[in-house]
Amino acid sequence: MTDIAIVGMAQTPYRRRRDDANFAELIYGVTCEALDDAGLEIGDIDNFITVSNDFWDGRTISSMAVQDACGSSFDGGRNVSTVEGDGTFGLLYGMMRILSGAYQTTLVVVHCKGSEGNMRLITNGMFDYIYTRPLGIEATGAAALQARRYMDKYKLTEEDFAHVSIKNRGNALRNPNAQLAETLSLDQVMASKPIASPLKLHDISPISDGAAAVVLAHRNVANKLGRKPVWVKGIAHCSEAHFLGDRDLAEAPALRDAAFRAYQMAGIEDPFAEIDLVELYDAYSYMEPLWFEELGFCPKGKGAELIRLGATAFDGPLPVNPSGGVLSAHAVLVAGLARVIEASLQIRGEAGERQVEGPVELALAHGINGPCGQSHCVVILGE
Amino acid sequence: MSRSAEENIIFDGRIRMPYKWAAGETSSYFLTQLRDHAKLWGTRCSVCQVIFIPPRKNCPRCVTADTTWVELPSRGVLQTFAVIYFSEPLLQPSEPPYIYGIVKLDGADTGLTHFLGEVAPGELRSGMRMEAVFKNKEDRSGLITDLLYFRPEGGSAS
């Protein structure tokens, strides 16, 4: 349990391309909506975190592109700091700054327009320039290496992963913000175009444009606001080796570690029994069972079976990605904060058509950064 | 203020940014050995005994600088592989389809990511024995691509 709550939130719809808005215009929209949602004004925010990536924005110090829009220049300027990584890491950093005692409130904003750059060139740029980058490998090629290793080690099949895409793209039909919402058949997924085998078109998240914002507040402020705060009950992050060959890609010890510590902080002993809903970072279909297992919900290699049996379905005992997940909308960096927002909306009971049955008292949101989930952030949210 | 633009202006841009990256002393040794002798070297940590390739000046696990060079054989075991079908001419070294693999050289504790060649995707299995194929000496230039690819040991998939 921490002293920090999410008191306001907003996200754009996620679309393949937003020709009508630049980064700042996307950020201004979610900033205003998140402040409205919190019942706060810009003058009530004393600290700002912007999350962006220079390669995607095509400029250095890309955070500077949105300072005017997120309000950090208000009244002569407030403290603003930057995270270049997933939005969940921005959330963590924002929390830490409040916990330092220097601030009461923090606005975390994140944006990405995947449509404007070249996704493959940009994700090739995350690899070292001596040994890996010259091979031309990028995010999806690396993910295919991980998918194959995971299949081989735990005797899984491409069909197992196809069920994740079927579930999540189907869930997205209830989410107006999702970009890819469709009823897929097993045959459709299996027959979709091979991209980086074993990964096919329907195993892969789309390129998206979007932005999101979250208002964090210390208990002193959160309890005075009109609406129910969503408390950050636990949070932890962890990273593992950079070189793909240093890792066993079928395992995610960094996620295991982050989950363990987040559960400890939240006082969770049996995650499957205690957590009501999960939003995790399924950039590729195989990631959902892999992360689900490492989060401790089931033994290694058993995640796919649980998904196939409906345990993680929208109306299952533990819904996973009822929003449609990252497979249905993948504004990079934004996607982790979107998981936090989706989980928080469910706790508030304000998820609209995608609100799951029964009360959501405790939810888990998860973000990743780096190739094949090199680093993970686990956030436990609750009433 | 509500602005409703009649058209959305889109700019074309391309950042061209030359660099001169120093490989550093450890990778310079690795790359010159690859270029001059078609040899692959790793580093062994004197404390935890783990052998890393690519080589590191310090052991990433126990963070000691007490590491020694170890010559590794140019053969090993395939850990995983991926067949690339998508096309991205600005990035790709050759026309797809082509194959990436991670090969754990005999004696090494980590895998090396590289291309696989002289094999059809359907013949590949994780766990199969692979061997390195190098460029001819006169074509080698001190880059990781002086190693052309790994192929099934003996030159064909069994």
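## Conventions

Helices (H or I, at least four residues) and strands (E, at least two) are DSSP runs, numbered from the N terminus. Ala38(B), for example, lies in the loop between helix H1 (24–37) and E1 of chain B. The model is predicted, with local features needing pLDDT of at least 70 and side-chain atom pairs counting only at pLDDT 80 or more, while totals for chains, interfaces and linings use all residues. Residues are numbered from 1 along each chain as its sequence is written, and chains are lettered from A and ligands numbered from 1 in the order in which they are written.

In chain A, 9 strands make up an open sheet of mixed pairing, ordered E3-E2-E4-E7-E1-E8-E11-E10-E9; two strands count as paired if DSSP finds at least two bridges between them. Strand E3 (79–83) and strand E9 (277–279) of chain A are the edge strands, each pairing on one side only, and the twist from one strand to the next averages 25°.

Contact here is between residues whose C-beta atoms, placed from the backbone, lie within 7 Å; axes are lines fitted to C-alpha atoms, for helices over the stretch in contact, and angles run from 0 to 180 degrees between N-to-C directions.

## Helix packing and the nonpolar core

Helix H4 (residues 87–99) of chain A also packs against helix H14 (residues 334–348) of chain A, with the axes 6 Å apart and at an angle of about 65°. H4(A) and H14(A) are therefore roughly perpendicular to each other, a class that covers 65 to 115 degrees, whereas angles under 35 are roughly parallel, over 145 roughly antiparallel, and the rest oblique. On the H4(A) side, Gly87(A), Thr88(A), Gly90(A) and Leu91(A) meet Val334(A), Gly336(A), Leu337(A) and Val340(A) of H14(A). The contact has 4 nonpolar, 4 polar and no charged residues (Ala, Val, Leu, Ile, Met, Phe, Trp, Tyr, Cys and Pro count as nonpolar, Asp, Glu, Lys and Arg as charged, and the others, Gly among them, as polar).

The largest nonpolar core holds 164 residues, of which Val108(A), Val109(A), Val214(A) and Val379(A) touch the most other members; its largest share, 9 residues, comes from H14(A). Such a core is a set of buried Ala, Val, Leu, Ile, Met, Phe, Trp, Tyr and Cys residues joined through C-beta atoms within 7 Å. Leaving aside neighbours within four places in sequence, Val379(A) is in contact with residues including Thr88(A) and Leu91(A), as well as Val340(A).

## The contact between the chains

Across the two chains, 35 residues of chain B are in contact with 32 residues of chain A. Strand E4 (75–84), strand E5 (98–105) and strand E6 (112–116) of chain B each supply at least two residues of the side of chain B that touches chain A, and E4(B) gives the largest share, 6 residues. That side of chain B divides into 22 nonpolar, 12 polar and 1 charged residues. Strand E5 (residues 194–197) of chain A pairs with E4(B) in the antiparallel sense over 2 bridges, and Ser197(A) stands opposite Val83(B).

Apart from neighbours within four places in sequence, Thr132(A) is in contact with Phe127(A), Ile137(A) and Thr113(B).

In chain B, 3 strands form an open antiparallel sheet in the order E2-E1-E3. Two cis peptide bonds deserve a check: the bond from Ile53(B) to Pro54(B) has omega near -5°, with Pro54(B) in the loop between E2 and E3 of chain B, and the bond joining Pro96(B) and Pro97(B) has omega of about 0°, with Pro97(B) in the loop between E4 and E5 of chain B.

Phi is positive, near 50°, in Ile61(A), which counts as exposed with 11 C-beta neighbours inside 10 Å. Phi of Ala38(B) is likewise near 50°, and Ala38(B) counts as partly exposed with 17 C-beta neighbours inside 10 Å.

Notes: A residue is buried if 20 or more other C-beta atoms lie within 10 Å of its own, exposed if 12 or fewer, and partly exposed in between; C-beta atoms are placed from the backbone.
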